[in-house]
Amino acid sequence: MVSIDWNGDYKTGGEWSNARVHAYGPLSLDPAAAVFHYGQEIFEGIKGYRHSDGSVWTFRPEKNAARLNRSAYRMALPQLPEETFIESLKQLVQADEKWVPSGEGEAFYFRPFMIATEAYLGVRPARHVEYHVIGSPAGNYFGTPEPVDIWLSTKYARAGEGGTGTAKCGGNYAAAMIAQLEGEENGCKQVIFKDPHRNDALEELGGMNVFFIYGKENKLVTPNLPELF
């Protein structure tokens, strides 16, 4: 795994240091670490694919770096330079290249994440933060490729205007789990949520984009995420 430390003040600045590649293992955190109490954490997900010449490629990692930093801004975490993000992926795949599969539909899944590790009970941005990258071989998300049944949640909302909907943070996923369980109880693998402000508009799915075809012209439509969140 890859690890980098950040120390500083969110308002006045700080610096990343102690970048290292080391064996995968447990993290040692103080019980008062801010991530446990105030939810300051974000993550990303990106895949690496084995090409026929043996090389490993990702797809537009700079976009994931940008999304990580948008999430960091929303959760009052430090910005991670794009080049540092991309280099962390390179370092991990160099260390774990033998784990990158080559079969059809297979990939190496990178999970970069950032957590507030300062031991402090008080509501302010943490002054100590850690960035890590772990990874593992991965196959198709739903197993055998086939149509997925979708449950329409009418009780729970995933995001609202001004909230954390566009931040890739664990709290968004935790809040959606109860709706996911409801969907599974009704034989569905995914949940789609309604817009919390309207009863006739839909948001995106949890595990994929959603598109609708309607009208005499068979018009293809997908939600405009900036407008939703």
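**Pocket and domains**

User: How many nonpolar, polar and charged residues are in the lining of the largest pocket?

Analyst: The lining has 18 nonpolar, 11 polar and 9 charged residues, with Gly counted as polar, Ala, Val, Leu, Ile, Met, Phe, Trp, Tyr, Cys and Pro as nonpolar, and Asp, Glu, Lys and Arg as charged. This is a predicted model, with local features needing pLDDT of at least 70 and side-chain atom pairs pLDDT 80 or more, while totals for chains, interfaces and linings use all residues. Residues are numbered from 1 along each chain as its sequence is written, and side-chain values use heavy atoms, without hydrogens or water.

User: Which residues lie nearest its centre?

Analyst: Of the 38 lining residues, Arg 67, Lys 168, Tyr 173, Gly 206 and Gly 207 lie nearest the centre of the largest pocket. A pocket here is an open set of points on a 1 Å grid over the protein atoms alone, where a 1.4 Å probe fits, with protein on both sides within 12 Å along at least five of seven lines; lining residues have an atom within 4 Å of a point.

User: Nice. Where does the pocket lie relative to the domains?

Analyst: The largest pocket lies between domain 1 (2-138) and domain 2 (150-221), because both give residues to its lining. The domain bounds come from an automatic or database assignment.

User: And how far apart are the domain centres?

Analyst: The C-alpha centres of domain 1 and domain 2 are 26 Å apart. In contact (heavy atoms within 4.5 Å) are 9 residues of domain 1 and 10 residues of domain 2.

User: Switching topic, how many salt bridges are there?

Analyst: The count is 5, taking a side-chain nitrogen of Lys or Arg within 4 Å of a carboxyl oxygen of Asp or Glu. Across the interface of domain 1 and domain 2 there are 0 salt bridges.

User: What is the partner of Arg 20?

Analyst: Arg 20 forms a salt bridge with Asp 5, and their closest N and O atoms are 3.5 Å apart.
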